[in-house]
Structure formats: structure tokens, C-alpha cells
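This report describes strand pairing, salt bridges and surface patches in a single protein model. The structure is shown first, and the description follows.

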Amino acid sequence: MGCDRNCGLISGAVIGAILAVLGGILMPVGDFLIEKTIKKEVVLEEGTLAFKNWVKTGTEVYRQFWIFDVQNPQEVIMNSSNIKVEQRGPYTYRVRYLAKENVTQDPEDNTVSFLQPNGAIFEPSLSVGTENDNFTVLNLAVAAAAHIYQNAFVQVVLNSLIKKSKSSMFQTRSLKELLWGYKDPFLSLVPYPVTTTVGLFYPYNNTADGVYKVFNGKDDISKVAIIDTYKGKRSIYAVFESEINLKGIPVYRFVLPPKAFASPLQNPDNHCFCTEKIISKNCTSYGVLDISKCKEGRPVYISLPHFLHSSPDVSEPIDGLNPNEEEHRTYLDIEPITGFTLQFAKRLQVNLLVKPSKKIEALKRLKRNYIVPIIWLNETGTIGNEKADMFRSKVTGKINLLGLLEIILLSVGVAMFVAFMISYCACRSKAIK
């Protein structure tokens with residue numbers, strides 16, 4: 001009788017130990033098997049679920065615009081006063097709804113290249129006004145021409161054309177004109193061939209953005225869909241901030257760090273963006289990047305909205321700015337197993353440099369340089385509820401189920417082992433007495 005009882009207790013302890021060991025083994029082995037199954041479907045290659053959804057995303061992507069409406073144009077022209085701006089917006093467009101084109105796999109470096117066709121559809125219900133709303137903004141053609149053509153004689157000629165066209169340092173334009181293009185009266189008088197249509201995003205519709213080159217994830221699933229290069233150049237980077245929950249899916253939030261817009265003294269990687277020693281205060285100013293080389297010499301600078309994380313000398317000549325970390329930063333929410341971006345907010349500001357010019361009357365009273373904010377945008381996308389449900393069932397659901405099974409087996413096994421061993425020891429102690 002005692003032997004049977006002791007044998008039963010030992011058997012129970014052994015079963016408990018086996019369950020605990022099984023739970024422990026499931027942790028690395030089960031995780032490996034499930035992740036291997038999932039990763040087959042998230043690689044960006046023909047035939048996978050991920051590839052189908054990646055070529056033409058079903059997620060709605062919106063681009064919101066806020067315009068900096070100048071309140072005191074004459075004061076600036078005559079007295080070189082601070083520029084007072086008032087933010088107006090959002091004006092919202094649906095973008096990135098067209099399928100990717102020229103998709104080409106490169107098996108040597110496990111990347112896939114593509115072009116993203118451009119298209120923008122105005123969304124009145126998500127906007128504060130219409131595309132015909134008017135704004136007072138910097139005259140893009142006048143500011144750029146004075147910067148590009150710095151020869152005194154050429155500027156005299158330009159000045160006569162600017163006066164003849166009745167152009168000035170500032171202009172009034174509709175949202176549609178400012179974004180997508182308008183025929184500039186000054187450039188239309190230039191006697192040699194130039195592009196006479198001007199717009200912040202001209203040309204856009206019926207064009208394509210890229211070439212993008214992203215990792216397909218075949219060699220390292222954590223890099224899937226991450227941009228390797230854009231137009232042959234390295235892309236900007238983000239850093240990990242925190243882990244959050246997005247519609248029941250654990251994701252890692254990555255943010256664009258202030259260092260990305262730092263001066264070359266703070267971040268040597270930005271040395272190529274410092275092309276003007278005077279404007280940049282001998283490359284000590286920070287928070288703006290000169291991208292004129294990418295814009296055919298036009299003095300375009302990009303920054304975070306409202307000059308967030310910029311040096312005081314950049315924002316000092318502009319009144320009406322209210323930089324806010326939460327509202328103006330850029331972030332991406334990435335699911336760590338698949339590497340998919342499930343939510344993002346890309347926020348950037350477009351600025352134009354304008355400098356004094358003795359030969360151009362519209363600019364000759366200026367006593368300082370301005371980096372003038374024109375517009376800032378917020379491009380956002382969030383995984384829809386239907387796709388979030390599918391993602392949870394096919395990815396996180398399986399992982400959570402496996403994790404629960406591991407915990408149950410481990411917990412029950414350890415509990416059984418401890419309980420039966422205590423009982424066995426107690427019985428042995430009584431038998432000895």
C-alpha cells in the first residue's frame with residue numbers, strides 16, 4: 001500500500017516535471033516554428049500575403065497641409081520686419097492609393113526596387129476649406145531667381161521683368177495653385193526657355209516618386225520593407241522610443257531624432273546639407289537642411305514643422321510659430337516580428353530662403369536673410385480594423401496562443417512537481433517515524 005502510494009506520488013512528480021520541461025522546450029522551439037511560418041508570408045516576394053498587400057496597400061494614406069499665411073507683407077518689404085504668420089489648415093488629400101510600378105527584385109542584396117505613382121484626391125470633409133482658398137505667401141519665383149542668378153547685370157534684367165509683371169516679394173495664391181502649380185507672370189516674360197509653371201509639388205499627378213529600394217526580408221525579416229536607398233541615396237533614420245499597443249497589436253514606436261536635423265558640428269553626417277556658410281552661421285545653425293542640390297539650385301530648406309528642434313537664429317525672424325513635440329514630430333509604429341509599419345506620421349515643413357538684393361527692388365530693402373516657412377505637411381496612415389483583425393489572427397494571435405500554452409504547461413508542471421514531491425517527502429517522513 002505504501003509502495004503504491006509512493007510510486008503514485010513519484011509518478012505525479014515525474015509527469016509534472018515532464019510538463020514543465022515541455023513548456024520550457026516550447027518556448028524556443030515553438031517560437032521558432034511559428035515565426036518561421038509567419039516569416040514565409042511576410043517576405044516581399046511574389047506569392048506571399050505581404051507582397052500582395054504591399055504592392056497596392058489597402059490602408060488609407062492622407063496628406064494634410066497647413067499653410068503659413070503672411071499677415072504683414074508690406075512691413076517686411078519696407079522695413080525688413082519679422083514675418084508674422086498664421087497657420088491655416090488642415091487641407092487634406094488622399095495619396096498613395098495607386099499600385100507600385102516597376103517592381104524589381106535583386107537577389108544579390110535581398111532588396112526590391114519600385115516606383116510609387118503620385119496621385120492626390122482632395123477630401124473636403126477632412127479639410128477646413130476648399131482648394132480655392134487664398135493665402136499670402138512668399139513669391140517662389142522672385143525669391144528663387146534672386147538666389148540662383150547672383151550676377152549683377154542678370155539681376156538688373158530680372159528686376160525689369162519682375163516690375164513689368166507687377167510681381168513682388170509676396171503673392172496671393174490659392175491652395176490648388178500653391179501646391180500643384182500656376183503659370184508665373186514674371187517667369188513668363190523671361191526671353192529664354194525656362195519652366196514657367198511653379199508649385200511646391202509641381203509636377204505631381206501622373207508622375208512617379210522614386211526609385212525606392214527596400215529590403216525584402218529574405219535574409220533578415222526585421223528589415224522587411226525598410227528603405228535602403230531613395231533615388232540612389234541613403235534614407236533618413238529613426239530611433240526606438242517605446243513599445244505601445246495599436247488595436248491589440250504590440251508595436252515598437254520609432255521617432256525621428258533631433259540629431260537628424262542637427263548641424264554638421266553635432267552630426268557630421270549632415271555635412272553635405274551645409275552649403276551656405278553665412279546662412280548657416282558657419283555651419284552652426286541647426287534644425288533645417290538645405291536641399292537646393294535636389295531642387296535645381298532653388299533655395300529650398302526642409303525642417304520639422306514650426307522649426308521644432310531648430311536653433312533660435314532660424315525661428316527668431318518669424319512670429320506666430322508654436323513648435324510642439326507631440327503634434328510636430330515624425331514617428332513610425334513597427335510590428336517587431338514582421339517588421340511591418342502599421343502606423344506612421346511623417347511631418348515635414350517646406351521653407352524657402354530669401355536674401356537681400358541691391359539690384360532687385362522687391363528685395364532691396366531687406367536687411368537680413370529669412371528662411372521663410374511656406375507650408376507643413378502631415379502624411380499619415382494607420383492599419384484598418386479589418387486588416388488589424390487579420391493581422392491579430394494570423395500573427396499575434398498565434399504567438400499569444402503559443403505563449404499561453406507555454407505558461408500553462410510550465411506552471412501546471414512546476415505546481416504538480418512541487419506538490420507531489422512535498423507529499424512524497426511527507427509520506428516518507430511519516431514512514432520513518
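## A buried glutamate and its partner

Glu 123 is buried, at a relative accessible area of 18%; the term buried denotes values under 20%, exposed denotes values over 50%, and partly exposed covers the range in between (1.4 Å probe, protein chains only). The model is predicted, and local features therefore require pLDDT of at least 70 and side-chain atom pairs pLDDT 80 or more, whereas totals for chains, interfaces and linings use all residues. Residues are numbered from 1 along each chain as its sequence is written, and side-chain values use heavy atoms, with hydrogens and water left out.

The side chain of Glu 123 forms a salt bridge with that of Arg 94, at 3.8 Å from N to O. This pair links distant parts of the chain, 29 residues apart: Arg 94 belongs to strand β2 (residues 83-95), and Glu 123 to the loop between β5 (120-122) and β6 (134-138). Helices (H or I, at least four residues) and strands (E, at least two) are DSSP runs, numbered from the N terminus. Arg 94 is partly exposed, with 22% relative accessibility.

## Further salt bridges

A salt bridge requires a side-chain nitrogen of Lys or Arg within 4 Å of a carboxyl oxygen of Asp or Glu. By this rule the count is 14 salt bridges. One of them joins the side chains of Arg 173 and Glu 177 at 3.4 Å, N to O. Arg 173 is buried at 14% relative accessible area, while Glu 177 is partly exposed at 26%.

Another salt bridge connects Asp 333 and Arg 253, with an N to O distance of 2.7 Å. Asp 333 lies in strand β18 (residues 331-334) and Arg 253 in strand β14, so this pair ties together parts that are 80 residues apart in sequence. Both Asp 333 and Arg 253 are buried.

## Strand pairing

Strand β14 (residues 249-255) pairs with strand β13 (residues 239-246) in the antiparallel sense over 7 bridges; two strands count as paired if DSSP finds at least two bridges between them. Ile 244 has Val 251 in β14 as its bridge partner. The hairpin of β13 and β14 has 2 residues between the strands, and Lys 247 takes a positive phi near 55° there.

An open sheet of 5 strands has the order β3-β4-β10-β11-β12, with antiparallel pairing. Its edges are β3 (101-106) and β12, each with a single partner strand, so one side of each lacks a neighbour in the sheet. Within this order, strand β4 (residues 111-117) and strand β10 (residues 208-215) pair over 6 bridges. Phe 215 in β10 is the bridge partner of Thr 111.

## Surface patches

Lys 233 is found in strand β12 (residues 233-234) and is exposed, with a relative accessible area of 52%. Together with Lys 231, Lys 293 and Lys 295, Lys 233 forms a positive surface patch. Patches consist of residues with over 30% relative accessible area and no salt bridge, like charges being joined within 9 Å and nonpolar side chains (Val, Leu, Ile, Met, Phe, Trp, Tyr) within 5 Å. Lys and Arg count as positive and Asp and Glu as negative, with His and the chain ends not counted; the place of a charge is taken as NZ of Lys, CZ of Arg, CG of Asp or CD of Glu.

A nonpolar surface patch of about 310 Å² is made by Ile 148, Tyr 149, Tyr 192 and Val 194; accessible areas come from the Shrake-Rupley method with a 1.4 Å probe, and for residues only the protein chains shown count as cover. Tyr 149 is placed in the loop between α4 (140-148) and α5 (152-164) and is partly exposed at 32% relative accessibility.
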